[in-house]
Amino acid sequence: MHIPDGILPVSAALSGYVAAGGVTWLSLNRIKKIFKNPREFIPRASLLTAAFFVASMIHIPVPPTSVHLILSGLMGVILGWFAFPAILVGLFLQAVMFQHGGLTTIGVNACLMGIPALLAGALFRSRRYFGADRKIINGLLAFLSSFLAIVTGAFTAALLLIYTIPAQLNVSAERAAIIILAGAHLPVALIEGVFTVMVVLFLLKVKPALLEGDRL
Amino acid sequence: MNNLMHKNILLNCISMICVLSMLLLPLSAIAHGVDITAVPINAVEIYALFDSGQPMAGGQVTIYAPDEPLDPWLTGICDEEGRFIFVPDYSRPGMWEIKVRLAGHGDLIRLEVTAAEESVVSEAGRLSFLQKIIMALVVVWGAVGTALYFSRRDG
């Protein structure tokens with residue numbers, strides 16, 4: 001899902017920067033309004049940024065390709081509005097240190113992973129309408145949030161890539177390869193969905209306050 | 001009677017030899033028309049791998065000559081090992097660009113071609129697994145430090 005430099009046209013990269021800038025401003029604005037002391041959430045955001053950074057190194061072979069963990073859903077569930085800036089920092093570190101993704105596409109990548117993370121957070125926080133202390137509701141919403149965050153991100157990335165394939169390439173072959181890669185994210189979505197359920201149920205048992213910290 | 005039979009056999013043999021000779025003549029003529037020459041040339045071999053180490057099998061290669069950076073000079077497909085071999089046009093020295101792309105992933109490298117059939121690839125070196133682990137640990141340590149800093153109690 002990390003689109004590298006040189007793949008997208010300049011207009012798409014610039015649009016990504018504008019959109020990411022807008023969502024970052026919105027996130028910071030909401031954080032400022034919601035939290036009395038946003039500094040309290042920085043340790044949590046910092047540790048999850050590290051987890052997001054390392055997750056991209058864990059590759060899962062899905063023949064004929066291989067994919068890696070993303071953790072955008074978990075970020076949204078745990079961090080709420082903090083998820084977008086945390087993903088932005090994680091993507092910057094991945095691009096600079098491992099050339100994973102790219103600096104010109106950091107805006108696009110932040111939108112592809114960060115916006116589904118925010119939506120995942122909103123979906124998980126709808127638990128207050130169904131019973132925030134019920135184990136089954138927490139588990140179900142945690143799975144759906146994380147699963148849909150990956151599927152939405154992969155689907156949007158595939159659409160963007162398909163509509164920007166350069167004419168000099170074999171378009172049908174490249175389109176088929178993109179569809180295969182997007183489909184390979186389905187096992188990742190399932191794995192991350194189960195992982196998020198485990199994390200949420202664990203936190204619900206030992207420290208439920210960590211799941212109630214923000215009101216997305 | 002016996003003499004006549006020998007004559008017939010002899011005639012048959014001669015006619016068969018004549019027919020065979022007529023059949024073989026054009027073949028030998030074609031064989032003489034082939035001229036195979038083998039000259040060693042300085043080819044360039046590309047290996048394209050994902051950062052997981054998996055070969056970019058089926059990756060689309062696009063090569064641009066230095067004097068024509070917009071129109072591809074050559075396009076091709078990587079084999080199962082992510083390999084592609086081509087011979088640059090040594091009459092067009094300069095910085096050649098080679099792009100490999102597969103499923104929205106790809107990279108570009110530059111190849112310096114000189115008229116003396118010597119080429120130099122300018123490419124960022126790949127990180128070893130150990131280097132990656134150390135770099136990841138550095139980032140994790142930085143994140144833990146940030147977390148500890150912001151979780152300290154004032155005063």
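Colleague: Which is L71(A), buried or exposed?

Modeller: First, some ground rules: this is a predicted model in which local features need pLDDT of at least 70, side-chain atom pairs count only at pLDDT 80 or more, and totals for chains, interfaces and linings use all residues. Residues are numbered from 1 along each chain as its sequence is written, while chains are lettered from A and ligands numbered from 1 in the order in which they are written. A residue is buried if 20 or more other C-beta atoms lie within 10 Å of its own, exposed if 12 or fewer, and partly exposed in between, with C-beta atoms placed from the backbone. L71(A) has 28 other C-beta atoms within 10 Å, so L71(A) is buried.

Colleague: What is the phi of L71(A), roughly?

Modeller: L71(A) sits in the loop between β2 (65-68) and α3 (72-79) of chain A; helices (H or I, at least four residues) and strands (E, at least two) are DSSP runs, numbered from the N terminus. Most residues other than glycine have a negative phi. L71(A) is not a glycine, yet its phi is positive, at about 70 degrees.

Colleague: Which loop holds Q99(A), with its positive phi?

Modeller: Q99(A) is also not a glycine, and its phi is about 50 degrees. With 17 other C-beta atoms within 10 Å, Q99(A) is partly exposed. Its place is the loop between α4 (83-98) and α5 of chain A.

Colleague: Which residue of β2(A) stands opposite H59(A)?

Modeller: Strand β1 (residues 59-62) of chain A runs antiparallel to β2(A), joined by four bridges; strands pair if DSSP finds at least two bridges between them. The two form a hairpin with two residues between them. Opposite H59(A) stands H68(A).

Colleague: Which residues of chain B does G6(A) contact?

Modeller: G6(A) lies in the segment before α1 (10-34) of chain A and is partly exposed, because 14 other C-beta atoms lie within 10 Å. Contact means that the C-beta atoms of two residues, placed from the backbone, lie within 7 Å. Leaving aside neighbours within four places in sequence, G6(A) touches G106(B) and L108(B).

Colleague: Which element of chain B gives the largest share of its side touching chain A?

Modeller: The contact takes 28 residues from chain B and 30 residues from chain A. On the side of chain B, β2 (60-64), β5 (94-102), β6 (105-113) and α2 (129-150) each supply at least two residues. The largest share, nine residues, comes from α2(B).

Colleague: How much of chain B counts as buried?

Modeller: Chain B has two helices and seven strands, in the order α-β-β-β-β-β-β-β-α along the sequence. Of its 155 residues, the share counted as buried is 15%.
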